[in-house]
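User: I would like to go through this model with you. Could you bring it up, please?

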Amino acid sequence: MTTDFEALRAQITEADTDIIEALETRMKLIEEVAEFKEENDFPIEDKKREEQIIADRKLQTALDGQF
């Protein structure tokens with residue numbers, strides 16, 4: 001039983017690592033987009049796109065929408 005418990009914890013650690021790596025990748029991409037917008041005089045905020053992204057992500061998960 002202890003081995004199963006330890007395996008579950010190891011899987012959580014692996015998932016945490018994956019999440020952190022994905023967030024780091026996302027932040028780098030956000031920085032690139034921000035630089036592009038600044039260099040090309042694009043508006044920083046795009047509320048319509050933000051709302052669409054949130055709606056799309058809610059459809060991709062069973063997590064609570066507030067999460």
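User: Where is the place of aspartate 46?

Analyst: Aspartate 46 sits in the loop between helix 1 and helix 2; helices (H or I, at least four residues) and strands (E, at least two) are DSSP runs, numbered from the N terminus. Please note that this is a predicted model, in which local features need pLDDT of at least 70 and side-chain atom pairs count only at pLDDT 80 or more, while totals for chains, interfaces and linings use all residues. Residues are numbered from 1 along each chain as its sequence is written, and side-chain values use heavy atoms, with hydrogens and water left out.

User: Is aspartate 46 buried, exposed or partly exposed?

Analyst: Aspartate 46 is partly exposed, because its relative accessible area is 39%. Buried means under 20% relative accessible area, exposed over 50%, and partly exposed in between (1.4 Å probe, protein chains only).

User: How many Å apart in space are aspartate 46 and phenylalanine 5?

Analyst: They are 45 Å apart, C-alpha to C-alpha, with a separation of 41 residues in sequence.

User: What about phi of aspartate 41?

Analyst: Phi there is near 55°, a positive value in a residue other than glycine. Aspartate 41 also belongs to the loop between helix 1 and helix 2, and it counts as exposed because its relative accessible area is 72%.

User: Changing topic: how many salt bridges does the structure hold?

Analyst: It holds two, a salt bridge being a side-chain nitrogen of Lys or Arg within 4 Å of a carboxyl oxygen of Asp or Glu. Lysine 47 pairs with glutamate 45, the closest N and O atoms being 3.8 Å apart. Lysine 47 also pairs with glutamate 50, where the closest N and O atoms are 3.8 Å apart.

User: Which helix holds glutamate 50 and lysine 47?

Analyst: Both lie in helix 2 (residues 47-59), three residues apart, about one turn of the helix.

User: How many aromatic pairs does the structure hold?

Analyst: There is one aromatic pair. Phenylalanine 36 and phenylalanine 42 form it, edge-to-face, at 5.4 Å centre to centre and 75° between the planes. Rings of Phe, Tyr and Trp (its six-membered ring) pair if their centres lie within 6.5 Å; planes under 30 degrees apart count as stacked, over 60 as edge-to-face and the rest as tilted. Phenylalanine 36 is partly exposed, with a relative accessible area of 43%, and phenylalanine 42 is partly exposed at 44%.

User: Lastly, where is glutamate 24 found?

Analyst: Glutamate 24 is in helix 1 (residues 2-39). It counts as partly exposed because its relative accessibility is 46%.
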